[in-house]
Amino acid sequence: MRLATWNVNSVRSRQDRIVDWLQRSDVDVLAMQETKCKDAQFPYERFTDIGYEVAHVGLSQWNGVAIASRVGLDDVQVGFEDQPGFSKDPEIDPAQEARAIGATCDGVRVWSLYVPNGRELADPHYTYKLEWLAALKADAQAWVTADPQAQIALVGDWNIAPTDDDVWDPALFEGKTHTSQAERDAFTAFGDAGFTEVTRQFTPEPRTYTYWDYTQLRFPKKQGLRIDMALTSPALAARVTGASIDREERKGKGASDHAPVIVEIG
DNA sequence: ATGGCTATTTGGAATAGA
């Protein structure tokens with residue numbers, strides 16, 4: 001199975017590129033993040049026309065996650081059990097956002113995840129980000145404890161650069177989100193739950209990135225971040241035979257600011 | 001070997017992204 005994750009930054013404005021990429025990349029399951037639309041606005045037919053089933057959750061113009069699969073799409077779950085909600089208005093009860101969707105594709109439990117950005121270290125969104133990660137880690141640990149043979153893939157935009165080698169200029173990110181120790185600790189904690197990040201071993205060069213800001217010529221200057229990754233349960237980690245980042249897809253007019261990340265599962 | 005932000009929203013400044 002070829003499993004990919006891609007923050008598409010609007011599925012509607014990017015639909016031609018996404019469908020073209022799917023058709024030539026031989027990907028069986030694509031987890032998308034930042035679809036930026038409600039369910040009713042999702043271009044389902046573009047995917048079903050080329051043989052993919054789609055599960056999507058989108059509640060507004062923000063966030064939105066989906067899974068497209070041509071190898072089955074069963075037991076769709078919107079959000080994980082203890083997924084926290086967020087509201088910037090303290091008068092309004094926090095509501096769960098469209099940041100996680102799970103489905104079983106050919107025996108693999110795939111989760112398409114869009115981890116909260118955090119905005120600023122002093123922003124409530126940052127606290128929310130850490131709570132969100134801790135809750136996901138706890139739930140994922142419970143899934144593996146309940147079934148040690150479970151084949152689980154947690155893929156998506158983690159909005160964390162796990163090491164300084166994953167940031168084009170670490171000094172520039174001092175005091176910013178994505179590189180703080182608390183975020184890195186929250187990411188590392190998935191290792192304690194038995195999960196392994198499986199793309200780095202196949203793309204080990206320092207300064208290998210998956211995201212480049214649209215501004216300041218960041219892409220041609222090779223100034224990016226590695227924030228899109230795939231974590232797998234022990235049983236699935238043993239099946240991973242390769243991974244790659246499709247940098248080509250960041251090029252040209254109308255590209256997402258993230259590149260697709262592909263995982264080969266034998 | 002690419003390109004100086006981009007996408008969304010009851011419609012055009014504001015918000016979010018990272």
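This talk goes through the core, the DNA contacts and the salt bridges of one model.

The model is predicted, so local features need pLDDT of at least 70 and side-chain atom pairs pLDDT 80 or more, while totals for chains, interfaces and linings use all residues. Residues are numbered from 1 along each chain as written, chains are lettered from A and ligands numbered from 1 in written order, and side-chain values use heavy atoms, without hydrogens and water.

I start with the inside. The largest nonpolar core has 26 residues, and L154, W158 and F195 have the most contacts inside it. A nonpolar core here is a set of buried Ala, Val, Leu, Ile, Met, Phe, Trp, Tyr and Cys residues joined through side-chain atoms within 4.5 Å. Buried means under 20% relative accessible area, exposed over 50%, and partly exposed in between, with a 1.4 Å probe and protein chains only. Which element gives the most to this core? Helix α3 does, with 8 residues. Helices (H or I, at least four residues) and strands (E, at least two) are DSSP runs numbered from the N terminus. Beyond four places in sequence, L154 is in contact (heavy atoms within 4.5 Å) with residues including W111, W143, F190 and F195.

Next, the DNA. There are 31 residues around DNA strand B, and the closest are S10, Y114, R119, H178 and K251. Near means that a heavy atom of the residue lies within 4 Å of the strand. A polar side-chain atom of H258 is 3.1 Å from a phosphate oxygen of DNA strand B.

Last, the salt bridges. Side chains of opposite charge can pair when their charged atoms come close. The rule is a side-chain nitrogen of Lys or Arg within 4 Å of a carboxyl oxygen of Asp or Glu, and the count comes to 12. One of them joins D16 and R46, at 2.8 Å from N to O. D16 is in helix α1 and R46 in helix α2, 30 residues apart. D16 is partly exposed at 46% relative accessible area, and R46 is partly exposed at 27%.

Another joins R70 and D28, with the closest N and O atoms 2.8 Å apart. Both residues lie in loops, so the pair ties together parts 42 residues apart in sequence. Is D28 buried or exposed? D28 is buried, at 13%, whereas R70 is partly exposed, at 37%. R17, R24 and E249 are linked in a network of salt bridges.

Notes. A polar contact is a pair of N or O atoms within 3.5 Å; within protein, one must be able to donate a hydrogen and the other to accept it, and residues adjacent in sequence count only if both atoms are side-chain atoms.
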